[in-house]
Amino acid sequence: MPTTRTDRLDIRSSDDVVKVRQQTRTFAVEAGLSLVDQTKIITAASELARNTLDYGGGGLVHLEVIEDGARRGLRLCFEDHGPGIADVQQALRDGFTTGSGLGLGLGGAKRLSSEFHIESKPGAGTKITIARWKA
Ligand SMILES: Nc1ncnc2c1ncn2[C@@H]1O[C@H](COP(=O)(O)OP(=O)(O)O)[C@@H](O)[C@H]1O
Ligand SMILES: [Mg+2]
């Protein structure tokens with residue numbers, strides 16, 4: 001599956017979360033996503049970047065425009081080396097939070113993406129990959 005464009009951004013501050021939103025928009029436009037789909041993937045990226053900062057202690061995101069035959073899309077991979085998530089199913093449940101949020105970020109990001117993959121090891125960190133294909 002060839003990749004046409006990639007970037008990597010550190011997530012260390014709220015300013016970085018804004019930059020992730022902006023770069024996700026640029027990549028979503030390049031992938032040819034509709035305005036509605038751009039908004040979906042930007043919202044998902046924003047939630048995951050915020051979690052990377054708040055719970056993962058900071059980390060990074062890899063962005064790629066992807067192609068599969070005639071299909072184009074966007075893939076984002078968020079990685080941190082924070083405490084990890086002990087129970088992923090529980091963390092995905094709407095309303096579950098260990099912080100002061102609404103607990104809708106992970107479940108929301110999953111619903112807004114066409115692909116969602118989460119790997120987390122307690123004590124080692126968290127890696128979440130999402131993709132959105134052009135409809
Ligand atoms: N990168 C991460 N590292 C560790 N824990 C995380 C991470 N992302 C999410 N979590 C855990 O999953 C919970 C649910 O996340 P989310 O659905 O975004 O809700 P909220 O951010 O409102 O707490 C968080 O409260 C936290 O316990
Ligand atoms: Mg959150």
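This briefing describes the overall build of one protein and then some of its residues. The structure is a predicted model, in which local features need pLDDT of at least 70, side-chain atom pairs count only at pLDDT 80 or more, and totals for chains, interfaces and linings use all residues. Residues are numbered from 1 along each chain as its sequence is written, chains are lettered from A and ligands numbered from 1 in the order in which they are written, and side-chain values use heavy atoms, with hydrogens and water left out.

**Overall build**

- The protein has four helices and five strands; these are DSSP runs numbered from the N terminus, with helices being H or I of at least four residues and strands being E of at least two.
- Along the sequence the elements follow the order β-α-α-β-β-α-α-β-β.
- The radius of gyration is 14 Å, close to the 14 Å that the globule rule gives for 135 residues, so the protein is as compact as a globular protein of that length. This radius is taken over C-alpha atoms, and the rule is 2.2 Å times the number of residues to the power 0.38.
- The C-alpha trace spans about 40 × 25 × 25 Å along its principal axes.

**Surface, burial and contacts**

- The accessible surface is about 7100 Å², and carbon and sulfur atoms account for 50% of this surface. Areas come from the Shrake-Rupley method with a 1.4 Å probe, and for residues only the protein chains shown count as cover.
- Of the 135 residues, 44% count as buried, meaning under 20% relative accessible area, where exposed is over 50% and partly exposed is in between (1.4 Å probe, protein chains only).
- Contact means heavy atoms within 4.5 Å. Among contacts between residues at least 6 apart in sequence, 64% join residues at least 24 apart.

**The nonpolar core**

- In soluble globular proteins, nonpolar side chains tend to be buried together.
- A nonpolar core here is a set of buried Ala, Val, Leu, Ile, Met, Phe, Trp, Tyr and Cys residues joined through side-chain atoms within 4.5 Å.
- The largest such core has 29 residues, of which Ile 11, Val 20, Val 61, Leu 76, Phe 78 and Ile 130 touch the most other members. Helix 2 supplies the largest share of this core, six residues.
- Beyond four places in sequence, the residues touched by Leu 76 include Ile 41, Ala 45, Val 61, Ile 128 and Ile 130.

- Phe 27 belongs to helix 1 (residues 14-30) and is buried, at 0% relative accessibility.
- Leaving aside residues up to four places away in sequence, Phe 27 touches Arg 5, Thr 6, Asp 7, Leu 63, Glu 64, Val 65 and Leu 74.
- Ser 46 is placed in helix 2 and counts as buried at 14% relative accessibility.
- In helix 4 (residues 105-112) the buried residues are Gly 105, Leu 106, Gly 107, Gly 108 and Ala 109. Their cover includes helix 2, helix 3 (88-92), strand 4 (115-121) and strand 5 (125-133).

**The loop at Gly 56**

- Gly 56 sits in the loop between helix 2 (35-54) and strand 2 (59-68), and is buried with a relative accessible area of 9%.
- Not counting residues up to four places away in sequence, Gly 56 touches Asn 51, Asp 80, His 81, Gly 82 and Pro 83.
- Gly 56 and Pro 83 are 27 residues apart in sequence, with their C-alpha atoms 6.5 Å apart.
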